[in-house]
Amino acid sequence: MRLDVFTLFPRWFDWFTTQRHVENVVAAGSELRFIDYRETTPLGAGQVDDSPYGGGAGMVMRVDVVDAALRATYGNQPGDRRILLLTPSGRMFDEELATELAAEPELTLLCGRYEGVDERVRDHLATDAVSIGRYVLAGGELAAMVVADAVLRKLPGALGHADSVHEESFSAALGGHPEYPHYTRPASYRGWDVPAVLLSGDHDLVRRWRLERSRERGRREGEGS
Ligand code: ADE
């Protein structure tokens, strides 16, 4: 995958890129780029925002600044790559969208800052508007990291163990339910015992027990609704 993140704060991603699963996908051939809007702004003195038409508090990121950054990177034709604008008012990010995005060969994430981004970015430059939750962050960077993390960990070679992506929370293998509980040694700790079925050695029984716990969790947590 070629993943490009447009941001005013590329250094925020320094930590992200040193995480093991991210390093693994890069070693396996994926390419990550962090592109600073200020590098290509057509305005003087690194300006990227302006006061809102109609008045109001705060500053708004300009559409010409975002467009210039995209054109400098992709030319006049961004092709059919998905371009996601991170915004609190977008489509809610979930495991289904992460899986969909992980299948894309090329992906672009646009981080906004300040009070918002000129609506024409959403209308004309982005293909999707995505939110990671109904709360407002200071900018799209953390949201972009959340999206990138959930997507990249699905790529081949990201995690040590291939099965860990296959049978995890919300996967098709678990019928879209949350994951079943995990236990490891010690079998008994302060009187808290590991369920006996997991120590039984009966793989079929273990499998059925896990599926049932997964379904039960889904019901208890209202399947996230
Ligand atoms: N930018 C600011 N808050 C956000 C959120 N909740 N999701 C996505 N992008 C954001």
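**Around the ligand and along the loops**

In this predicted model, strand S5 gives the most to the shell around the ligand, with three residues.

Colleague: Which elements give two or more residues to the shell around the ligand?
Modeller: Let's start with the place itself: the ligand takes up the space of the largest pocket. Two elements each give two or more residues to its shell, and they are strand S5 (82-92) and strand S8 (128-131).

Colleague: How many charged residues does the shell around the ligand have?
Modeller: Sorted by class, eight residues of the shell are nonpolar and five are polar. For the charged class, the count is no residues.

Colleague: How much of the ligand's accessible area does the protein cover?
Modeller: Look at the backbone contacts, please. A polar backbone atom of Ile132 is 3.0 Å from a nitrogen atom of the ligand, and one of Leu137 is also 3.0 Å from a ligand nitrogen. On its own the ligand has 260 Å² of accessible area, and the protein covers 96%.

Colleague: Is Ala45 buried or exposed?
Modeller: Ala45 is in the loop between helix H3 (37-40) and strand S3 (49-50), and its phi is positive, near 55 degrees. Its relative accessibility is 89%. Exposed means over 50%, so Ala45 counts as exposed.

Colleague: What is omega for the cis peptide bond that joins Arg185 and Pro186?
Modeller: Most peptide bonds are trans. Pro186 is in the loop between helix H8 (163-166) and strand S9 (188-189). Its bond with Arg185 is cis, with omega about 5 degrees.

Conventions:
Residues are numbered from 1 along each chain as its sequence is written. This is a predicted model: local features need pLDDT of at least 70, side-chain atom pairs count only at pLDDT 80 or more; totals for chains, interfaces and linings use all residues. Side-chain values use heavy atoms; hydrogens and water are left out. A polar contact is a pair of N or O atoms within 3.5 Å; within protein, one must be able to donate a hydrogen and the other to accept it, and residues adjacent in sequence count only if both atoms are side-chain atoms. Accessible areas come from the Shrake-Rupley method with a 1.4 Å probe; for residues, only the protein chains shown count as cover. On a 1 Å grid over the protein atoms alone, a cavity is a set of points where a 1.4 Å probe fits but cannot get out, and a pocket is an open set with protein on both sides within 12 Å along at least five of seven lines; lining residues have an atom within 4 Å of a point. A molecule sits in a cavity or pocket if more than half of its atoms lie within 2 Å of its grid points. Helices (H or I, at least four residues) and strands (E, at least two) are DSSP runs, numbered from the N terminus. Ala, Val, Leu, Ile, Met, Phe, Trp, Tyr, Cys and Pro count as nonpolar, Asp, Glu, Lys and Arg as charged, and the others, Gly among them, as polar. Buried means under 20% relative accessible area, exposed over 50%, partly exposed in between (1.4 Å probe, protein chains only).
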